Amino acid sequence: MYRRRQVLRWMAAAAAAALLAGCAGDADHSGKGEETETGKTDESGAAEKGYDLPVDEEETEAAQEDCTEMLSLAADVCPEILEETPVLLSDDMTEQAAEAVAGEGVPAAGTDLYRGLKNYDLMERFLRDCESGRSGSIVTYEIYDDGRIGRKKFICDGEDMYLFAVTASWKDGQAVLGDVSYSRMREWSFTEKGWFFYELCTPEYPEVTEVIYSNAMMRVVPLEEEYAKVTEAFLEPVAYNGNNLFWTDWDAEHMDGIDYNGLFEYLYEVRTGKDFDKTQYQDGIPGGQFEELMTAALPVTPEQLRGYAAYDAEEGSYEWISLGVGNRTLGPLTGAIPEVVGMEENGDGSVTLTVDAVCESTADDAFLTHYLTIQMDEEDQVRYLSNVVAEGQEDALPEYVYRIQR
């Protein structure tokens, strides 16, 4: 939800008025009862391109007024928003701020992706109406961890979907707009699981020489609370980039294919709850620290680790380098996020999770499915016991590039 945006051109008020007259009668799901729509045509040909579309000044002023009101409400429960940006808000703080905004009857979200939108039923109904060819609009709000607010107005004319988006921060008693954009969506979809994927129109060759990434995704319907907690605590910090724990088959009898050197930094975060400080490991990871963490989190022995991982016996340390261009696996999977969609308790006290990899770039909420078995120890720390990739999903797996090349 963190997208590149284009700067808008302005359109004459007379042209906007003519368009608004033609929009009368559209369904409105905004929760604020907005009566205006952003313009969709101009003489420059922007409408055909679908990006850098013009918008009238009245629409922008309305966005600023809304952002001022919503930031003020959010600041009632999160005063840090009134401080000069950038600030750093926790997920809990942005969720509380989003709750305050949602109290006005509008869809709103914080930075906790799996919690979806407050008042999500409004957005869900709007998207289902759009699927049926109905026209209308809705406004959603997002509280970002740097104290800004995002206002997104989604507009459907019965055939195409448009997005008028602004960001704003608090300054001198009001919201000051930052990024402003208005674009048509090249394509969009709303899945049964509650994910909204869309791709905005952007300049293409020969206008630009590099592809502009314009995909986005939003979890509209919140993930089941128990699933969300497990996902955030034990899967999200590991995910699919920089290690292969969740996208290779392994169990206690087959532990040789895991990229332990790449995995260390992610398990460190899971086990300690702290950010990994790469400056401490430029000369390698002390053997005792590496083996203590790995044997606690996985069914592997120190002897196996010394054989499977990149280990310097003379120094008694495990090699480590940062993830970079030369040792990074490419492909859509590495940008995906894990999401628990099922849980089954086993007779030995372990739990097998059904996990879908949600991939923004391919607009797929189950790009890869795998079954991860975990168990909690006496200190409520997770121990990963096995992983199995669903049958027939080999095509989703890129050739893995190990962190340490041999």
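Me: What lies 2.7 Å from a polar atom of the side chain of Gln 393?
Reply: That's the backbone nitrogen of Thr 369. Keep in mind that we're looking at a predicted model.

Me: Where is Gln 393 in the chain?
Reply: Gln 393 sits in the segment after strand S15, which covers 382-389.

Me: And which residues is Gln 393 in contact with, leaving aside neighbours within four places in sequence?
Reply: Phe 367, Leu 368 and Thr 369.

Me: Let's zoom out. How many helices and strands are there?
Reply: The protein has nine helices and 15 strands. There are 406 residues, and 52% of them count as buried.

Me: OK, salt bridges. How many are there?
Reply: The count is 20. In general, side chains of opposite charge can pair when their charged atoms come close.

Me: Which residue does Glu 59 form a salt bridge with?
Reply: Lys 153, and the closest N and O atoms of the two are 3.1 Å apart. This pair links distant parts of the chain: Glu 59 belongs to helix H3 and Lys 153 to strand S4, 94 residues apart.

Me: Are those two buried or exposed?
Reply: Glu 59 is buried, because its relative accessible area is 2% and the cut-off for buried is under 20%. Lys 153 is buried too, with a value of 0%.

Me: What about Arg 186 and Glu 199, what do their side chains form?
Reply: They meet in a salt bridge, 3.0 Å from N to O. Arg 186 is in strand S6 and Glu 199 in strand S7, 13 residues apart. Arg 186 is partly exposed at 35%, whereas Glu 199 is buried at 18%.

Me: Where are they, and is each one buried or exposed?
Reply: Asp 172 is in the loop between strands S5 and S6, and counts as exposed at 74% relative accessibility. Ala 239 is in the loop between helices H6 and H7, and is buried at 13%.

Note on methods
Residues are numbered from 1 along each chain as its sequence is written. This is a predicted model: local features need pLDDT of at least 70, side-chain atom pairs count only at pLDDT 80 or more; totals for chains, interfaces and linings use all residues. Side-chain values use heavy atoms; hydrogens and water are left out. Helices (H or I, at least four residues) and strands (E, at least two) are DSSP runs, numbered from the N terminus. Buried means under 20% relative accessible area, exposed over 50%, partly exposed in between (1.4 Å probe, protein chains only). A polar contact is a pair of N or O atoms within 3.5 Å; within protein, one must be able to donate a hydrogen and the other to accept it, and residues adjacent in sequence count only if both atoms are side-chain atoms. Contact means heavy atoms within 4.5 Å. A salt bridge is a side-chain nitrogen of Lys or Arg within 4 Å of a carboxyl oxygen of Asp or Glu.
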